[in-house]
Amino acid sequence: MKAEKKPIVSCKGITKVFGKDELAVHALRSIDLDIIEGDFATLAGPSGSGKTTLLNMIGALDHPTSGQVLIDGQPLSGMSKSQLSDLRLNKIGFIFQAYNLVPVLSARENVEFVLRLLKVEANERRTRADAALAEVGLRGLENRRPSALSGGQQQRVAIARALVARPRIVLADEPTANLDSTTTGELVDLMYRLNQESGTTFLIGTHDPRVMEHSKRHIEMTDGQIESDIRA
Amino acid sequence: MLAALAWRNIWRQPVRSVLSLIGLAFSSLLLVFMLSFQLGVYDTIKIGALGLFDGFGQFQPVGYDDDPDISKILPGWQALLAADRVEGVSATAPRASSFAILASGDTSFGAAVIGVDPAREPAVSTLYTTIAEGRYLAADDDAAIVMGAGLARNLGLVLGDSVTMLGTGNDGAVAADVLQLVGIFSTGVNAIDRQITQMPLARFQETYNMGTGVNVVALRGPDFGGVIRAAPQLRAMAADQGATYLRWDDLQPEVRQMISLDLSTAMLMYGIMIVVVVFILLNTLYMSVLERTREFGGLMAIGMRPRQIGAMIWLELIFLSLLGAGIGIALGAGVTIWIENIGIAFPGMEDVLSQWGISGRVYPDLSWLSALAGPGVIVGSIVALGLIPYRHILRLEPVSAMGAA
């Protein structure tokens, strides 16, 4: 009998309210959600449905108003800023819509940056960064700065950066929103391949149907609540 | 990693950074030059005022400075002449002095009469260089006297004339002598030109019945700093003989007060300049921090601690200020060295300057202090105020930072 996989992320009754009294906006309403190792899950829903807010909670970037988020069984509540930084560094990879690369660093240096924060030794750092860039199809462009790369190439650097530290989960918030359809297709294929080959867990906030096509698990949100959670 | 990142960040906005550097460098240049110039002027004043007559320091009997009585003989003065072997001191000269009535025909004036060793005195005092008529005292002179142009004029004397001197000797008896005027000096300092005379020490001791005693031993060094640094050793020498040692500021406290007053006024100006420069630079950097808030949010998201981001910004500030100050120091030192060679003239101010013993040009004096003090304060202030953007970054939350415009 196959052993049941433990959840990497567990959300237990999390709510998030912005503002107070009559100006209060309920961005998340009592969300319960587990993300299991190896998931390639998409989080969809109209604008304002709470996708980004939920990703921020799971990514330890924001605190829920109530409820609890656990990463590998470890509750985030009560952690200091530094502990949350370390948790993000060690366990979570991020891919943003706006890439968020450091403009003064080359593609290789951007990828290496996470490894530097992890105090990985220089030779290993370079080997791993180059391997990650090769993995995302950027061999030969290692020394280019973000301004010398196309949007798709920058997002590939961001994916390499998100993966190079071998995180437990990669959170992507609208990663294809700024890309053309060809590049979007290539990137979705890339993330899916990485999930298939290395088992990296992905949770992707999107409303791009091409991303959802590859999804093994599709979570639909409306008005801060999970409306459906379907495994393919 | 942070240092490399900080350095590259400085050059993200090259125009802004270059403008900041120009501001920093120019203010540092000004501070280096102005402080060097000021210290140079002070040195010129000190050398002019003290080198002309008093010397850079003096051994005196205890209490002589407050009550310069001829009967106060300097104990162990022969031993104190050996102070010219102390590092920083180049020459020593014994002196005895009193006041006397000088008379020529029906005219008489009070004056200070100083007995000097003609062989040693020129190495301590520059008075001999101001001889306008005749010559200075020579080693084989006996009944000779030199005096200031104002006093000679008042007495109606010309070179070769005899002058009668009437004073009170060491033993309280009348000290009288007739001396021949061999030289007239014109220092430009009225107090000296109207009141000071010099005669050979041996003749003075004989006339004033002093035996072999003297009242002071004046000394000089190749530069002021050397004599100031030698002060502890000179004080110890004086104490060994039961005498006292007076530094330049004891000999001419009015010079010290004038310098202190001028320096405090200048410091106020420098302070204002430094505050303006520091806040302009800090404002520029703070703007840059606000512009990059979104980027900082992204860095926090990938696991960089706020403290590390704050340190990176602080390093940017340190690099920028060190670079600007470094350029400013180099340029300031260059300009100062150049002007050290050619000097600066102040046409029309000769009379005012001559009162302080300054004639002709004024030269700045570049030193470690003048080169580093002003720029050092700028860098230090900038580094200290870097706490403001640092604290701003510590308070950032990743989500709100990433959402910043």
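This is a predicted model: local features need pLDDT of at least 70, side-chain atom pairs count only at pLDDT 80 or more; totals for chains, interfaces and linings use all residues.
Two residues count as in contact here if their C-beta atoms, placed from the backbone, lie within 7 Å. Residues are numbered from 1 along each chain as its sequence is written, and chains are lettered from A and ligands numbered from 1 in the order in which they are written.

- For the classes, Ala, Val, Leu, Ile, Met, Phe, Trp, Tyr, Cys and Pro count as nonpolar, Asp, Glu, Lys and Arg as charged, and the others, Gly among them, as polar.

**Domains of chain B**

- Chain B splits into domain 1 (2-49 + 255-402) and domain 2 (57-220), with bounds that come from an automatic or database domain assignment.
- The C-alpha centres of domain 1 and domain 2 of chain B are 50 Å apart.

**Helix packing in chain B**

- Helix α12(B) (residues 306-342) and helix α14(B) (residues 368-385) pack at about 165°, with their axes 10 Å apart. Axes are lines fitted to C-alpha atoms, for helices over the stretch in contact, and angles run from 0 to 180 degrees between N-to-C directions.
- α12(B) and α14(B) are therefore roughly antiparallel; angles under 35 degrees count as roughly parallel, over 145 as roughly antiparallel, 65 to 115 as roughly perpendicular and the rest as oblique.
- The α12(B)/α14(B) crossing is right-handed. A crossing is left-handed if the near helix is turned anticlockwise from the far one by less than a right angle, and right-handed if clockwise.
- Among the residues making this contact are B:L317, B:L322 and B:I329 from α12(B), and B:P375, B:I378 and B:V383 from α14(B). The contact residues divide into 12 nonpolar, 3 polar and no charged.
- Helix α2(B) (residues 14-54) also packs on α14(B): the axes come within 8 Å and cross at roughly 140°, so α2(B) and α14(B) are oblique to each other.
- α2(B) passes α14(B) in a right-handed crossing. Residues including B:L24, B:L31 and B:L35 of α2(B) meet residues including B:A371, B:P375 and B:I378 of α14(B). This contact has 9 nonpolar, 5 polar and no charged residues.
- α2(B) and α12(B) pack at an angle of about 40°, with axes 7 Å apart, which makes α2(B) oblique to α12(B). Their crossing is right-handed, and the contact residues come to 15 nonpolar, 10 polar and no charged.

**Strands in chain B**

- β2(B) (residues 91-104) and β3(B) (residues 107-116) pair antiparallel over 10 bridges; two strands pair if DSSP finds at least two bridges between them.
- B:A112 has B:I196 of β8(B) as its bridge partner.

**Two open sheets in chain A**

- One sheet has 4 strands in the order β2-β1-β4-β5, with antiparallel pairing. β2 (25-36) and β5 (74-75) of chain A stand at the edges, each with a single partner strand, so one side of each has no neighbour in the sheet.
- Helix α1(A) (residues 51-58) packs on that sheet, touching β1, β2 and β4 (66-71) of chain A, and its direction makes about 125° with that of β1(A).
- Within it, 8 bridges join the antiparallel pair β1(A) (residues 7-18) and β2(A), and A:C11 is partnered by A:L33 of β2(A).
- The other sheet has 6 strands in the order β6-β7-β8-β3-β9-β10, with mixed pairing. Its edge strands are β6 (92-95) and β10 (225-231) of chain A, each pairing on one side only.
- Neighbouring strands in this sheet are turned by 15° against each other on average, direction ignored.
- β3(A) (residues 40-44) and β8(A) (residues 201-205) pair in parallel over 4 bridges, and A:A41 has A:L203 of β8(A) as its bridge partner.
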